[in-house]
Amino acid sequence: MSNPYNRRSLPDYFISSPLTALLYPFHQCLLRLRGPPRLPPPDARPIRVVCISDTHSLEWADIPDGDLLIHAGDLTNDGSVRDIQAAVDWLRALPHPHKVVVCGNHDSYFDVRSRLAEDRDASSFTAVSSSTASLRSLDELDSPTRIEWGDVHYLQHSSVTLSFPPPSAPSASSTSPLTTTPSRTRSLTLYGAPQVPALMSFGPEHAFTYPPYYDAWSGTVPAATDILITHTPPQSHLDMSPVYSTGCPYLLAEAWRVRPALHVFGHIHHSYGIEPVFWDGAQRAWERLCLSRRRRARYSRSSALFGFLRDLFDLSGWVDATRVLGYGLMGVVWAKVWGGEEMGCGWMVNAACMYGDSGRLANKPQVVEL
């Protein structure tokens, strides 16, 4: 079996499932044609959110300005306290008023099962099993954190609510009668969690891993979450889908339940990008198509040659493909012709700054306005 985290060639996608390979660009085009999935409130200042992830002990030289900076994990390569503190010191030096971080599988210090020998405290390993460690809060463990966070909020199966006051009122001489200044303080609740499904044999130095068939998510995210921050992507979204999906279906189900305005993650360097989500029939049908073809990723190329025949006689797949296009076109008409506004929708962002396996940061920070 090839490494599931490496990008496959376009012929591999087409051979495994020509239906989804041909449908994918149309689905993405319709998503963009529908316009922004969510607009800032008209009576309040937009909140500018800057998203990064997977910096792996490197520092992006020019982080865009914003009200909130989010790092979605893999601050380091080896996960030592020394390297984590260096990454945190870099984040602390940035000028953003609010900064929030979750860890990733490379940030081994935060999972007592995975710590380097230099960072271990024997007492911290008591009563921590492989099935529960991915759901344990750092505050519940016997070993205290040794990281000096400063103004950075670290989330590990926890939430924080941040306030964003309006800008300072301009002077009377610079204000025209037609100009309105947002005066309402806004707040956002963020929830962060680090666990990732182990789709291949990970070494013990990888933190917060769980078997891909294990449900590490259901009922864990508070319903009032505005921004969800995880290290792993959900299944079917910016996770090398279709067919070669590396995201977690249980996390996807949790995202459907909560429907955050923004879901930030990383982990899959090859799927860096931003995607609008509308929580509708088109999205549900696309996710079913991706999930039904996910098992084909295990096939050899010779076995995958039968993907054409399987797709040809897959009646439910053709019905879902029709739903993707039909609901997508209805969404475009609703937004562009009837002038309808999307309610309760949002974005998913894979903010991995690492460019593939190159060892260099080449994917720019993503910026979203809420």
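Reader: Which residue does aspartate 280 form a salt bridge with?

Author: Aspartate 280 pairs with arginine 34, and their closest N and O atoms are 2.8 Å apart. A salt bridge here is a side-chain nitrogen of Lys or Arg within 4 Å of a carboxyl oxygen of Asp or Glu. This is a predicted model, in which local features need pLDDT of at least 70 and side-chain atom pairs count only at pLDDT 80 or more, while totals for chains, interfaces and linings use all residues. Residues are numbered from 1 along each chain as its sequence is written, and side-chain values use heavy atoms, with hydrogens and water left out.

Reader: Where do aspartate 280 and arginine 34 lie?

Author: Aspartate 280 is in the loop between β11 and α5, and arginine 34 is in the loop between α2 and β1 (48-52), so the pair ties together parts 246 residues apart in sequence. Helices (H or I, at least four residues) and strands (E, at least two) are DSSP runs, numbered from the N terminus.

Reader: How many salt bridges are found in the whole structure?

Author: The search finds 13.

Reader: Helices next. At what angle do α5 and α8 pack?

Author: Helix α5 (residues 281-293) packs against α8 at about 150°, with the axes 7 Å apart. Axes are lines fitted to C-alpha atoms, for helices over the stretch in contact, and angles run from 0 to 180 degrees between N-to-C directions. The two helices are therefore roughly antiparallel; angles over 145 degrees count as that, under 35 as roughly parallel, 65 to 115 as roughly perpendicular and the rest as oblique.

Reader: Which residues of α5 make the contact?

Author: On the α5 side they are Gly281, Ala282, Ala285, Trp286, Arg288, Leu289 and Arg293. The α8 side includes Asp320, Arg323 and Tyr327. Contact means heavy atoms within 4.5 Å. By class, this contact has seven nonpolar, three polar and four charged residues. Ala, Val, Leu, Ile, Met, Phe, Trp, Tyr, Cys and Pro count as nonpolar, Asp, Glu, Lys and Arg as charged, and the others, Gly among them, as polar.

Reader: And α2 with α8, how do they cross?

Author: The axes of α2 (residues 18-33) and α8 (residues 315-337) come within 9 Å and cross at roughly 15°. These helices are therefore roughly parallel to each other. Residues in the contact include Leu19, Leu23 and Phe26 of α2 and Trp318, Leu325 and Val332 of α8. The classes there are eleven nonpolar, three polar and one charged.

Reader: Now the sheets. In what order do the six strands come?

Author: They form an open sheet in the order β5-β6-β9-β10-β12-β11, with mixed pairing. Two strands pair if DSSP finds at least two bridges between them. At the edges, β5 (158-164) and β11 (273-277) each have a single partner strand, so one side of each has no neighbour in the sheet.

Reader: How many bridges join β6 to β9?

Author: Four, between parallel strands β6 (residues 186-193) and β9 (residues 227-230). Alanine 193 has threonine 230 of β9 as its bridge partner.

Reader: What about the five-strand sheet, which order there?

Author: That open sheet runs β4-β3-β2-β1-β13, again with mixed pairing. Its edge strands, β4 (152-154) and β13 (366-369), pair on one side only.

Reader: Which strands does helix α3 lie across?

Author: Helix α3 (residues 81-92) lies across β1, β2, β3 and β4, running at about 155° to β3.
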